[in-house]
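Okay, thanks for coming, everyone. I'd like to walk you through a model I've been looking at, so let me put it up on the screen.

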Amino acid sequence: MSRRRKPKAVPMWRIYSVAALLAVLPLMLVWRLVDLQVLDNEQGASFLQKQGAMRAVRSAEIPAYRGLITDRRGSPLAVSTPVVSLVANPQHLRDSNQLAALAAAMEISPDVLQQRIDQYADKQFMYLARHWTPEQARKVLALNLPGVHGEREYRRFYPAGEVAAQLVGVTNVDGKGIAGLEMAFDDWLQGTPGRKRYIKDLYGEAVRDVGVIKAAEPGNDLRLSIDLRLQYLQHRELQQAIADTGAVAGTAVTLDAWTGEVLAVSSYPVFNPNSRARKTTRNRALTDVIEPGSVMKALTLVAALESGEYTLDTVIDTSPGRIRVGRKLLNDPINYGPITVSRVIEKSSQVGVIKIAQHIGHEPILDVFSRFGLGSLTNSGFPGERSGYLPNRERWSDIEKVTPAYGYGLDATLLQLAAAYSVFANEGRRMPLTFLEVDHRSLPDGERVIDPEIAAQVVKVLHRVTANEGTGTLAQVAGYQVGGKTGTVRKLGANGYLDTEHMALFVGVAPVERPRYVTAIMIDQPQGESHGGGSAAAPVYSRITEGVLRLRNEVPDLPAIDDSTQLAGLGGGQ
Amino acid sequence: MVRFVNQRRWVALLAVAALLSALGVLGTTHRARSQYAELQQLELRRWNLQEHYSRLLLEYSTRAAPHRVHRFAMEELGMTKPDLKRYRVVRP
């Protein structure tokens with residue numbers, strides 16, 4: 001043991017240096033911690049937090065509820081209902097052993113599902129199904145498959161279907177209005193979608209919501225001036241008329257002349273707004289222009305009366321029933337001989353109207369047309385509405401000077417024609433047209449277009465048109481007095497006007513004693529003998545107006561009773 | 001010496017304040033979380049009610065559709081449009 005060396009005394013500095021070294025190590029750890037968690041440098045706290053959030057926190061849109069569209073009585077025309085879209089991550093789905101169960105829940109064959117998943121093989125996102133009812137979706141979500149989840153959305157339904165389809169329009173799959181009033185009032189109807197933040201897991205499924213960034217704001221409801229009952233009536237009668245006459249298309253408009261409200265507007269062919277396979281969404285009453293033909297003669301009459309050269313009783317000689325203008329020969333069906341101005345309109349005499357036009361000139365006639373709103377847009381705001389066209393030339397040939405008087409050489413939409421006639425029904429005032437319900441206590445003033453006296457005289461003549469010797473007798477409505485003007489327009493083909501293709505028109509006001517409702521009808525290419533305005537369009541006017549007057553509680557033109565004993569007898573009925 | 005005692009009192013006071021504030025944060029966080037959970041519950045409920053409401057609305061408009069009413073009145077109830085002969089106009 002003596003060999004054992006006496007341990008050498010360890011110098012203190014070595015102990016200190018080891019201790020110092022050991023002390024520095026935890027300090028370095030602390031420093032690193034501070035560096036990562038507290039200090040705000042390049043790879044520091046906020047950077048790491050952001051990176052973490054990028055991997056786990058997602059934000060999602062909260063869909064906003066789109067406003068309801070209703071008719072003037074509150075019947076819904078467009079309703080948003082909650083639906084669920086099933087989305088999946090194909091990467092997670094691909095290797096799932098539950099595809100058969102998923103296919104069964106979706107009620108499709110496993111092969112079809114497999115095919116769809118293969119299609120998205122290199123993607124991270126796919127729709128399994130869009131816009132399912134919540135019950136349907138619940139079945140699939142109950143499987144709790146990783147990577148499959150439901151997204152809440154809204155889908156638009158149109159309870160009135162094809163009856164109001166062209167007017168109300170449609171939205172696209174993302175809920176944006178793309179046609180009709182859905183498009184015109186998109187900003188008003190559409191809400192503001194909100195955003196929320198949530199934490200997701202590895203499969204992309206929401207673990208929990210962590211907060212709302214912005215709440216969704218629902219859109220506003222829209223109440224239209226349309227009365228669904230009238231709309232349906234118009235739709236039904238128009239469809240019936242087209243079936244009866246073998247026509248290819250047709251359009252009808254009904255206005256309340258006192259308020260400027262459009263009560264119903266329909267056109268045929270129709271489409272089903274609830275199906276995504278759509279054909280024509282065009283609302284022909286507003287987007288298609290036509291040469292109005294003889295219905296313009298009522299406006300020519302206004303110009304004649306305003307000139308002071310004519311009264312309703314001024315006699316015009318229409319013999320021999322034809323007239324040469326420039327190189328063109330225009331004729332009446334028969335020689336009417338000398339007839340009054342009123343008869344000229346009642347019989348729709350071409351010769352008579354041309355003589356008036358030649359006498360007063362084309363400027364006052366076109367001036368009346370433009371005052372009545374032709375050639376400019378109505379302020380309905382409807383997408384795709386056309387303004388029509390009034391001729392405006394440097395040099396006018398003889399024939400060009402007279403064609404506007406009988407409604408050729410210019411074009412207009414059916415809505416414009418109805419709006420023009422509403423001036424007669426509103427004592428010479430033109431109200432701004434609208435598709436929205438108007439508060440009857442604060443009606444706009446409208447624009448004075450013609451003297452009330454002249455308006456009354458024109459209504460008188462329009463009434464005579466439907467009387468027993470006029471061209472529009474089939475427009476009569478039992479129990480009421482109505483007035484209107486027929487029109488039969490030859491359609492323009494590749495080589496000028498066609499003899500075989502016509503459009504039948506009728507524009508009328510009712511009831512004559514207190515005119516208020518204007519209805520315009522256009523039947524495109526009615527077949528057979530009865531292709532004229534008086535035989536194809538006037539009966540449709542009659543049936544629609546009968547319903548309009550009944551539904552709007554207009555009092556029939558019958559002897560009134562005020563004896564309560566007579567009333568008592570009514571109770572029993574038959 | 002007096003200054004030292006004062007200082008210690010301040011430190012103690014601030015420590016208590018810090019503790020209280022920490023507890024406050026705890027409470028508020030908890031409340032926020034539970035209220036958010038409630039919000040989600042209510043939103044779910046709103047969603048379900050909306051679903052129900054729009055289904056009822058659709059059902060209503062399907063049943064009250066003019067063509068259905070028309071057919072029902074004509075065929076099942078044997079109703080007709082009033083004949084003009086049966087109209088009586090009463091002077092107000």
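This is a predicted model: local features need pLDDT of at least 70, side-chain atom pairs count only at pLDDT 80 or more; totals for chains, interfaces and linings use all residues.

I'll go through the two chains one by one, then how they meet.

A bit of housekeeping before that. Residues are numbered from 1 along each chain as its sequence is written, while chains are lettered from A and ligands numbered from 1 in the order in which they are written.

How much of chain A is buried? Of its 574 residues, 42% are. Buried here means 20 or more other C-beta atoms within 10 Å of the residue's own, with exposed at 12 or fewer and partly exposed in between, and the C-beta atoms are placed from the backbone. As for contacts, take those in chain A between residues at least 6 apart in sequence: 70% of them join residues at least 24 apart. A contact means that the two C-beta atoms, again placed from the backbone, lie within 7 Å.

Now some pieces of chain A, starting with a sheet. It's an open one of three strands, in the order β1-β6-β7 of chain A, with antiparallel pairing. Strands count as paired if DSSP finds at least two bridges between them. On the edges sit β1 (57–62) and β7 (206–214) of chain A, each pairing on one side only. On average, neighbouring strands in this sheet are turned by 30° against each other, ignoring direction. Six bridges hold β6(A), residues 194–200, to β7(A), and within that pair Arg197(A) is opposite Gly211(A).

There's also a hairpin: β17(A) and β18(A), with two residues between them. Strand β17(A) covers 483–493 and β18(A) covers 496–510, and ten bridges join them in an antiparallel run. Look for Gly483(A), which stands opposite Val509(A).

On to helices. At what angle do α4(A) and α5(A) pack? It's about 110°, with the axes of α4(A) (99–106) and α5(A) (110–119) 9 Å apart. That makes the two roughly perpendicular, a label for angles of 65 to 115 degrees, where under 35 is roughly parallel, over 145 roughly antiparallel and the rest oblique. The axes are lines fitted to C-alpha atoms, for helices over the stretch in contact, and angles run from 0 to 180 degrees between N-to-C directions. Among the residues making this contact are Leu102(A) and Met106(A) from α4(A) and Leu113(A) from α5(A).

Then there's α12(A), residues 297–306, where nine of the ten residues are buried. Lys297(A) is one of the buried ones, and so is Thr300(A). The buried residues of α12(A) pack against several elements, including α14 (350–360), α18 (452–465) and β17 of chain A. Just after this helix, Gly308(A) has a positive phi of about 80°.

Over to chain B. Its elements run α-α-β from the N terminus. Its radius of gyration is 36 Å, well over the 12 Å that the globule rule gives for 92 residues, so chain B too is more spread out than a compact globule. The C-alpha atoms fill a box of roughly 115 × 35 × 15 Å along the principal axes, and buried residues make up 2% of this chain.

Finally, where do they meet? Contacts link 20 residues of chain B with 25 of chain A. On the chain B side, α1(B) gives the most, with eleven residues. The strands join in as well: β20(A), residues 560–561, and β1(B) pair in the parallel sense over two bridges, with Ala560(A) partnered by Val89(B).

That's my tour, thanks.

Notes: Helices (H or I, at least four residues) and strands (E, at least two) are DSSP runs, numbered from the N terminus. The radius of gyration is taken over C-alpha atoms; the globule rule is 2.2 Å times the number of residues to the power 0.38.
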